[in-house]
Amino acid sequence: MKLRYWLLITGSFCVLNTSTTAVAQNSGKLNIVQKPIVFNQKRQQLSLDYLHKRHGIQKTRPTIVPRMIVLHFTGSGTLNSNFNYFNKEEIEQARTANKNQSALNVSAHYLVDRDGTVYQLLPDTIFARHIIGLNYMAIGVENVGGPDAPLTEAQVRANAALVRHLCARHKIEYLIGHSEYSIFRNTVLWKETNSNYYTGKADPGTDFMRKVRALVPNLKLRSKP
Ligand SMILES: [Zn+2]
């Protein structure tokens, strides 16, 4: 298996290729498998462009300070087909509404397989495009599944464990499902230069959000601004 590891050298991101297998990191009950997507110079520049043009934020490095966790589902596909999709730097031509706003591909920080295995695709503090208006502060968690493959109980438990893991490392205030994000429009947290750029979402579903929240009540995470 070809894996790529990030190295931070003199302020720029480098990508190394190795032939080792995925390295699992123990974190309490949570096992996070490192499976990085490519974060090369091209994705770095596209991320900086997105931060500037879409969020109105000018930076020299595409980093975020996480304050929100957003849960998603992929809609369809397998772990590998979704990994391969996110691994491309540029968004596919068919997604015209998104492509017109930025050429940066969508991605997420984590991808959770149907058996509950958690794969980390990007470092928590690196920018990823997964939620209009809020990417600059949000960690994205994608779950393999969708309308024809309802998310599993193993994914519920894995998402809750991942939320606890992230809250122990970052000052997370909000936990939302992608479908809940419209309530953040017209607030100071919403940073999108085009007020018409918005798409309604149904993922990952109210049932999934209710189950995950029921496992982390002590964290007192907010679902609204
Ligand atoms: Zn989503």
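Student: Which element gives the most to the lining of the largest pocket?

Tutor: The model is predicted, so local features need pLDDT of at least 70 and side-chain atom pairs count only at pLDDT 80 or more, while totals for chains, interfaces and linings use all residues. Residues are numbered from 1 along each chain as its sequence is written, and side-chain values use heavy atoms, with hydrogens and water left out. β5 and α2 (79–87) each supply at least two residues of this lining, where helices (H or I, at least four residues) and strands (E, at least two) are DSSP runs numbered from the N terminus. With 3 residues, the largest contribution comes from α2.

Student: How much space lies in the largest pocket?

Tutor: On a 1 Å grid over the protein atoms alone, a pocket is an open set of points where a 1.4 Å probe fits, with protein on both sides within 12 Å along at least five of seven lines; lining residues have an atom within 4 Å of a point. Grid points are joined across faces, edges and corners, and a volume is the space filled by probe spheres set on the points. For the largest pocket, this space is about 380 Å³.

Student: Which of the 23 lining residues are the closest to the centre of the largest pocket?

Tutor: The second largest pocket holds about 180 Å³, and α4 gives the most to its lining, with 5 residues. In the largest pocket, the residues closest to the centre are Arg-95, Val-106, Glu-142, His-178 and Lys-201.

Student: Which residues coordinate the zinc ion?

Tutor: Donors are N, O and S atoms within 2.8 Å of the metal (3.2 Å for Na, K and Ca); water is not among the atoms, so sites may look incomplete. Along the chain, the donors of the zinc ion follow the spacing H-x105-H-x24-D. At 2.0 to 2.2 Å, the zinc ion is coordinated by His-72 (ND1), His-178 (ND1) and Asp-203 (OD).

Student: Is His-72 buried or exposed?

Tutor: His-72 lies in strand β5 (residues 68–73). The side chains of His-72 and Asp-203 are joined by a polar contact of 3.3 Å, that is, a pair of N or O atoms within 3.5 Å; within protein, one must be able to donate a hydrogen and the other to accept it, and residues adjacent in sequence count only if both atoms are side-chain atoms. Buried means under 20% relative accessible area, exposed over 50%, partly exposed in between (1.4 Å probe, protein chains only). Because its relative accessible area is 2%, His-72 is buried.
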